[in-house]
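Please look at the sequence and model shown here before reading on.

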Amino acid sequence: MLRWVGRGRLWTFARVDGGSCHRREAPTGSTSNWIRGQSSVAQQPLCMTQKPRKGEHKWAAVVGLEIHAQISSNSKLFSGSQVRFSAPPNSLVSFFDASLPGTLPVLNRRCVEAAVMTGLALNCHINKKSLFDRKHYFYADLPAGYQITQQRLPIAVNGSLTYGVCAGKKQSQVIPKTVRIKQIQLEQDSGKSLHDDLRSQTLIDLNRAGVGLLEVVLEPDLSCGEEAATAVRELQLILQALGTSQANMAEGQLRVDANISVHHPGEPLGVRTEVKNLNSIRFLAKAIDYEIQRQINELENGGEILNETRSFHYQLGCTMSMRDKEGKQDYRFMPEPNLPPLVLYDATSLPAGADPQQVINIDQIRETLPELPSVTRERLVQQYGMLLEHSFTLLNEVGLLEFFQNVIKETRAEPKKVTSWVLNTFLGYLKQQNLAVSESPVTPSALAELLDLLDSRTISSAAAKQVFEELWKREGKTPGQIVSEKQLELMEDRGALEQLCHSMMEAHPQVVMDLKKGNPRAINKLIGLVRKATQSRADPAMIKEILEKKLSS
Amino acid sequence: GFTSKADPQGSGRITAQVIEHLERLALVDFGSCEAVARLEKAIAFADRLRAVDTDGVEPMESVLEDRCLYLRSDNVVEGNCADELLQNSHRVVEEYFVAPPGNISLPKLDEQEPFPHS
């Protein structure tokens with residue numbers, strides 16, 4: 001029986017060469033449903049480590065991330081075979097990808113542009129000259145025995161990623177934080193291994209071998225799972241906005257490894273462990289927090305932390321050692337002899353008469369950068385008067401911003417009303433039934449029509465909620481149809497309403513007496529009765545006005 | 001850096017420890033005294049580079065450094081040759097290459113034949 005290596009599998013192979021063998025099993029398969037049903041990551045306390053025991057110092061955790069993002073391109077980094085998520089095994093493999101002798105790497109222009117765009121969006125310095133190197137290690141899914149990467153001089157360095165952490169009583173405050181970016185480099189992805197334990201063999205599919213990756217290395221400025229998760233989410237949004245990577249963790253387009261250590265503030269940094277096999281943002285936060293706590297517990301009990309690689313087992317919620325006794329890996333880096341340095345230009349250094357296909361102009365790329373999430377959020381706040389927290393929610397939920405903007409386009413209602421309905425009612429229904437925006441039974445047009453009816457005072461707010469509930473049933477009716485069918489229109493006929501109020505007052509003389517005696521709350525009872533009689537079709541404010549008028553007369 | 005650690009004594013002898021390390025890293029079996037002797041001669045040959053005075057000279061990054069790196073357009077022009085590629089494989093299962101399971105551990109160091117070079 002064949003299965004993908006990944007979640008829940010205990011690492012059992014020993015290593016060939018000395019050291020922690022590089023294992024990059026891609027997370028495959030979909031994220032399990034339970035992730036979406038749970039409360040958001042943001043509800044964890046902000047970076048609280050275990051309370052120190054009496055007489056002990058506080059602990060501080062240090063987290064560094066290495067993020068690999070698959071570049072969104074038609075063909076691979078150094079060859080012309082296709083980049084595609086699923087295809088028959090070994091059908092997207094060129095001779096170069098299979099490492100046949102006599103083949104040479106040819107750099108894909110689109111991948112370089114993607115790296116420059118990402119570097120610019122992350123405030124990096126773009127190196128006008130960068131170099132390619134070979135990183136050697138043996139694994140069946142790396143046919144060449146080395147990976148082409150950029151170790152000496154990567155394409156971008158010294159950037160920053162700003163993200164917003166939710167805090168405050170109701171997670172409604174957004175605190176901006178920044179993590180420094182050490183570097184961004186271009187490198188090749190490896191193939192995929194399918195382990196068949198029954199027959200003691202590994203099946204190799206090289207479709208993914210040679211796909212372009214952007215490795216983004218973050219400085220260890222993060223201190224807990226929540227910060228890491230939020231930073232990675234922001235990076236995901238940026239990459240998606242740029243179009244440089246689809247950054248879908250479930251499909252292995254975004255992979256994160258975490259380096260974690262703990263120490264007492266003021267003392268030197270502790271021994272770090274590397275945690276791999278993190279294939280969702282949720283697990284990322286859990287794994288990091290678990291590991292921090294594990295290290296603290298270990299040290300407080302007099303143990304020591306080994307510099308090792310650990311794997312996160314999501315069912316058990318813990319990290320386990322990928323036991324490694326043979327010392328550090330030696331990758332024997334050497335310059336890639338088949339590739340000259342990668343030279344980039346800007347407006348001032350662009351050589352005259354150069355073939356535009358053969359030169360990359362950093363300034364030109366900078367000018368064509370699309371709107372980044374942070375700018376989008378600012379714009380939403382300015383344009384629609386919403387709170388910053390709302391803009392975060394709109395961007396964080398896949399497809400929600402587009403939904404919101406489509407409603408805005410089609411409705412006359414005030415933006416604040418739209419914001420409220422989309423973030424509260426619409427999103428509430430989605431979350432309750434664990435649906436994505438794309439699975440919503442209510443279309444932007446339908447919601448826009450509903451909000452128009454509300455805005456034109458054709459229906460009351462309560463009626464609107466009823467209509468929304470009906471729309472959710474997916475019976476194909478428009479809001480207008482539901483309103484007429486259920487007769488939810490606001491009573492326009494003031495005369496009829498006055499009559500109703502009159503008869504209600506006659507039917508409940510006690511309440512009227514209470515009112516006349518000076519009990520102000522009695523009027524609410526009357527209003528309630530009238531509303532019920534009108535099946536919520538009357539505007540409560542109007543009912544109140546009529547009643548008060550009658551009472552005073 | 002890329003230069004391997006020079007033999008500490010500078011005498012050109014390669015220790016058994018270094019040989020074992022290299023064998024594991026490169027999966028190369030030195031196997032014999034002659035092979036090690038050849039290695040030592042090769043290192044001595046390369047060491048003569050040190051005789052060149054390189055003070056104040058910027059090292060080259062690559063012998064190709066004056067060349068232009070050609071940029072290919074992002075078009076799909078290759079692939080779809082699974083049958084051809086799989087012919088190279090000793091064993092194949094349904095269009096997958098077959099490899100031994102994971103990484104096979106080398107015999108433990110103390111289980112190995114004592115290395116002939118002393």
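In which crossing, left-handed or right-handed, does α3(A) pass α4(A)?

## Basis

The model is predicted: local features need pLDDT of at least 70, side-chain atom pairs count only at pLDDT 80 or more, and totals for chains, interfaces and linings use all residues. Residues are numbered from 1 along each chain as its sequence is written, chains are lettered from A and ligands numbered from 1 in the order in which they are written, and side-chain values use heavy atoms, without hydrogens and water.

## Helix pair

The crossing of α3(A) past α4(A) is right-handed (the near helix is turned clockwise from the far one by less than a right angle). The contact (heavy atoms within 4.5 Å) involves A:Gly225, A:Glu226, A:Ala228, A:Ala229, A:Val232, A:Arg233 and A:Gln236 from α3(A), and A:Ile281, A:Leu284, A:Ala285, A:Ile288 and A:Asp289 from α4(A). By class, seven of these residues are nonpolar, two polar and three charged (Ala, Val, Leu, Ile, Met, Phe, Trp, Tyr, Cys and Pro count as nonpolar, Asp, Glu, Lys and Arg as charged, the others, Gly among them, as polar).

## Strand β6

Strand β6 (residues 133-136) of chain A is covered on both faces. A:Asp133 and A:Lys135 on one side, and A:Arg134 and A:His136 on the other, are all buried (under 20% relative accessible area, 1.4 Å probe, protein chains only).

β6(A) runs antiparallel to strand β7 (residues 146-149) of chain A, joined by four bridges; A:Lys135 has A:Gln147 as its bridge partner there. Two bridges join β6(A) to strand β17 (residues 334-335) of chain A, also antiparallel, with A:Pro335 the bridge partner of A:Asp133. Strands pair if DSSP finds at least two bridges between them.

Terms used. Buried < 20%, exposed > 50% of the residue type's maximum accessible area, 1.4 Å probe, protein only.
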